[in-house]
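Good morning, colleagues. Please look at the sequence and the structure on the screen, and I shall then go through the arrangement of the chain.

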Amino acid sequence: MENVLLEKQGHVSIITINREKALNALSTAVLNDLEEAVNTVSADKDTYCVVITGAGSKSFVAGADIAEMKDKTVEEAAEYGAYGNKIFRQIETLHCPVIAAVNGFALGGGCELSMACDIRIASENAIFGQPEVGLGITPGFGGTQRLARLVPAGIAKEMIFTARNIKADKALAIGLVNAVVPQEELMATALKMANGICKNAPIAVAQSKKAINAGLQTDMDSAIAIEVKDFSDCFATEDQTYGMECFVNKVKEKEFKNK
């Protein structure tokens, strides 16, 4: 993979969009490499958390590659949008939590990539936006859907209709990001959170993610039924027995086996 770096620290996999000279814009080549990285992580059950970031300090992902996209036909645009959405949906439904460490520009496809992650931590210089209507198109990688699920619909519509960008503090105020930290502390903060997640029972974390995602798509009665199923399934795991025994015996340092 030339455009995406994949490394692993303990149980944490780190995916870095590595096209710094182009502000990490999402060309087809980048999407191909991102798909490969996501597939690799998906097959690695020893990965308990993922951090996605962009190379350099200026940009997480500045958007799609407009020069590559501008001459597409309707059919080619549909294929391109479906491909990006497929990859982002894979990220959204990974077996483990995904944290976006947003450094600089997160515009268009970059904002959409961050929203496909479970948690977003932004540097103080982060800029978010969906500027597509200024280019004569709509968001195409999930922006019209995920943004209105993460922030009030009126705010989502304002961002998309006006094509205006927002700074990190505004993104925090509307609930688009979980935290804002100095640039130099971004990856350390993301990795600290990721490692904290990894200390908990991986199956229980995965079941919690699945229950939240599935429950958001249905009514409350059905969502409760989903929760009961995921909750009870945990009682078939070794980690549940071990975790509760540690609690009863006041053992603070636990090492779950993901079984």
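How does the radius of gyration of the chain agree with that of a compact globule? Please keep in mind that this is a predicted model. For 259 residues, a compact globule would have a radius of gyration near 18 Å, and the chain has 19 Å, so the two agree. Along the principal axes, the C-alpha atoms fill a box of roughly 60 × 40 × 35 Å. In secondary structure, the chain comes to 11 helices and 10 strands.

I turn now to the domains. The domain assignment gives domain 1, covering 4–198, and domain 2, covering 200–249. Taken over C-alpha atoms, the centres of domain 1 and domain 2 are 27 Å apart.

How many residues of each domain are in contact with the other? Domain 1 contributes 14 residues, and domain 2 contributes 7. Between them, the two domains bury about 660 Å², with 45% of that area on carbon and sulfur atoms. On the domain 1 side, Tyr48, His95 and Ile197 supply 40% of the area buried against domain 2, which is more than any other three residues.

Let me continue with the polar side of this interface. Between domain 1 and domain 2 the count is 7 residue pairs in polar contact, both residues being at pLDDT 80 or more. Two helices, α3 (74–92) and α8 (186–198), each supply at least two residues of the side of domain 1 that touches domain 2. Of the elements on that side, α8 gives the most, with 3 residues. Sorted by class, the side of domain 1 that touches domain 2 has 8 nonpolar, 3 polar and 3 charged residues.

The last topic is salt bridges. The structure holds 11 of them, and the count between domain 1 and domain 2 is 1. Lysine 209 forms a salt bridge with aspartate 118, and their closest N and O atoms are 3.0 Å apart. Another salt bridge joins the side chains of arginine 89 and glutamate 92, at 2.8 Å from N to O. Why are arginine 89 and glutamate 92 separated by about one helical turn? They lie 3 residues apart in helix α3, and therefore about one turn of the helix separates them.

That concludes my presentation, and I thank you for your attention.

Key: Residues numbered from 1 in each chain as written. Predicted model: local features only at pLDDT ≥ 70, side-chain atom pairs only at ≥ 80, totals over all residues. Heavy atoms only, no water. Domains from an automatic or database assignment. Contact = heavy atoms within 4.5 Å. Buried area = accessible area lost by both parts, 1.4 Å probe. Salt bridge = Lys/Arg side-chain N within 4 Å of Asp/Glu carboxyl O. Polar contact = N/O pair within 3.5 Å; in protein donor to acceptor, adjacent residues only side chain to side chain. Helix = DSSP H or I, 4+ residues; strand = E, 2+ residues; numbered from the N terminus. Nonpolar A, V, L, I, M, F, W, Y, C, P; charged D, E, K, R; others polar. Rg over C-alpha atoms; globule rule 2.2 N^0.38 Å.
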